[in-house]
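Here are my notes on this model, for a colleague who is opening it for the first time. Please keep the sequence and the structure in view while reading.

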Amino acid sequence: MNESGTKVVLSGVQPTGDLHIGNYLGAIKKFVKIQSEFDCFFCVVDLHAITVFQDPKVLKKNTLEVAATYLASGIDPNKNIIFNQSSVPCHAELAWILNCVCRVGWLNRMTQFKDKAGKDKENASTGLYIYPNLMAADILIYKATHVPVGSDQKQHLELTRDIAQKFNNDFGCEDFFPLPEPMIDNEISRIMSLKDASKKMSKSEPSDFSRIILTDTADQIRAKIKKAKTADVPMPDTDQEVTKLKEVSNLINIYSSLSDTPRDKIINLYQGKNFSDFKNDLTDILIKNITPIGNEMGKLMNDQSYLVEILKQGSLKAYEKAKKTINEVYDIVGLIR
Ligand code: AQP
């Protein structure tokens, strides 16, 4: 809990393209589940998106599409604050101050930067390098106590805690920033590519067949699952053996997460069989759970002024909260406003 005794959630999704079931299962489905239990801020993190070049027109469309996904997935805009990051300038203001708190050595350990910058890291934007400090600012500006994310963000969350702790120590303001807790479901928190389970499912992977996107039609889902890699042996009878078959294990996680069925029950159901029944049933589960979201997103995207208004109203509410923290931070740091 934070100083006012409330449990506050902040999380966000980048408007960098078609959202997939990794984004849904790793993050958005959790947002829907916890919305009645916490004060929630659900952000479209557009400033994070531009750490890699985005076509401005496409960025605007993608920003609205993330808002549409939140609504279509069941996030209630009356109960929660849905907004885009750039419309609350306090995020960027706090990020600058946190840039001065975070150590270069800490950033150098961030594996996501290494993955995203690849071999050509000299040519990556400085924004991509300091991205974790902006993420820390997103969280700390609302004194969030809990952050639901996929396990790929665990390291950034740990960095946020280190930054919060150092700020509190350096400025002698114990407990000013709460140390936020990650909310990560271990087993299914990382959905992997359908083509190569050593890579996470991602918007930026070139092949469409590596992911199911939320706007896929039933036929597209069917085709992608049909092509998804499995194994040359029948379904094993123990979880230990299944775990060794990385692609199969990933498909079981998707099945389990969407149908709320434990992995061992799924393994019992299909053990000793080849994968066609399993794939057919998984396809049905995906169609049942994902296509209604895609259809609703389509309807919402036809009413873009409604989505703009949702973001605008959310930003006004978020700004009220953020302004209070940034004023306190300026005072603590010794900056005259
Ligand atoms: N494969 C995944 N499995 C589980 N969770 C995932 N998330 C992303 N991919 C997976 C979670 O989705 C939330 C929003 O992610 P994001 O869009 O802000 O950024 P990302 O993690 O960089 O997502 P992508 O799809 O990999 O995008 P690109 O290709 O643009 O980098 C986060 O909570 C994340 O954990």
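1. Ground rules. This is a predicted model, in which local features need pLDDT of at least 70 and side-chain atom pairs count only at pLDDT 80 or more, while totals for chains, interfaces and linings use all residues. Residues are numbered from 1 along each chain as its sequence is written, and side-chain values use heavy atoms, with hydrogens and water left out.

2. The ligand shell. Which residues come nearest to the ligand? They are H20, K116, D152, K203 and S204, out of 22 residues around it. A residue counts as near when one of its heavy atoms lies within 4 Å of the molecule. By type, the shell divides into 5 nonpolar, 12 polar and 5 charged residues. Here Ala, Val, Leu, Ile, Met, Phe, Trp, Tyr, Cys and Pro are nonpolar, Asp, Glu, Lys and Arg are charged, and the others, Gly among them, are polar.

3. Polar atoms at the ligand. For S204 the distance is 2.5 Å. For H20 it is 2.7 Å. For K200 it is 2.8 Å. The protein covers 96% of the 640 Å² of accessible area that the ligand has on its own. Such areas come from the Shrake-Rupley method with a 1.4 Å probe; for residues, only the protein chains shown count as cover.

4. Elements around the ligand. Two elements give two or more residues to the shell: β1 (8–13) and α1 (21–34). The largest share, 4 residues, comes from α1. Helices (H or I, at least four residues) and strands (E, at least two) are DSSP runs, numbered from the N terminus.

5. V13. This residue belongs to strand β1. Is V13 buried or exposed? V13 counts as buried, at 5% relative accessibility. The cut-offs are under 20% relative accessible area for buried and over 50% for exposed, with partly exposed in between (1.4 Å probe, protein chains only). Not counting residues up to four places away in sequence, V13 touches L19, I28, F31, C43, V44, V45, V66 and Y70. Contact means heavy atoms within 4.5 Å.

6. Helix α9. In α9 (residues 218–227), I221, K224 and I225 are buried. Seen down the helix axis, the buried residues fall within an arc of 95°, so they line one face of α9. The arc is that of the directions from the helix axis to the C-beta atoms. An α-helix has 3.6 residues a turn, so residues three or four places apart point the same way. On the other side of α9, D219, K226 and K227 are exposed. The cover over the buried residues includes α13 (276–301).

7. K224. Look again at this lysine in α9. K224 is buried, with a relative accessible area of 7%. Its side chain joins that of D216 in a polar contact of 2.8 Å. A polar contact is a pair of N or O atoms within 3.5 Å; within protein, one must be able to donate a hydrogen and the other to accept it, and residues adjacent in sequence count only if both atoms are side-chain atoms. Beyond four places in sequence, the contacts of K224 include L194, D208, F209 and R211.

8. Two positive phi values. Most residues other than glycine have a negative phi. K143 has a phi near 45°. K143 sits in the loop between α7 (126–140) and β4 (146–148), and is buried at 4% relative accessible area. D175 has a phi of about 70°. D175 sits in the loop between α8 (154–170) and β5 (181–183), and is exposed at 58% relative accessibility.

9. E93. Helix α4 (residues 90–99) holds E93, which is partly exposed at 25% relative accessibility. The side chains of E93 and Y330 make a polar contact of 2.9 Å. Leaving aside neighbours within four places in sequence, E93 is in contact with I326, Y330 and R337.

10. T261. This residue lies in the loop between α11 (246–259) and α12 (263–270). The side chain of T261 makes a polar contact of 2.7 Å with the side chain of S259. Outside four places in sequence, T261 is in contact with Y255, S256 and I266.
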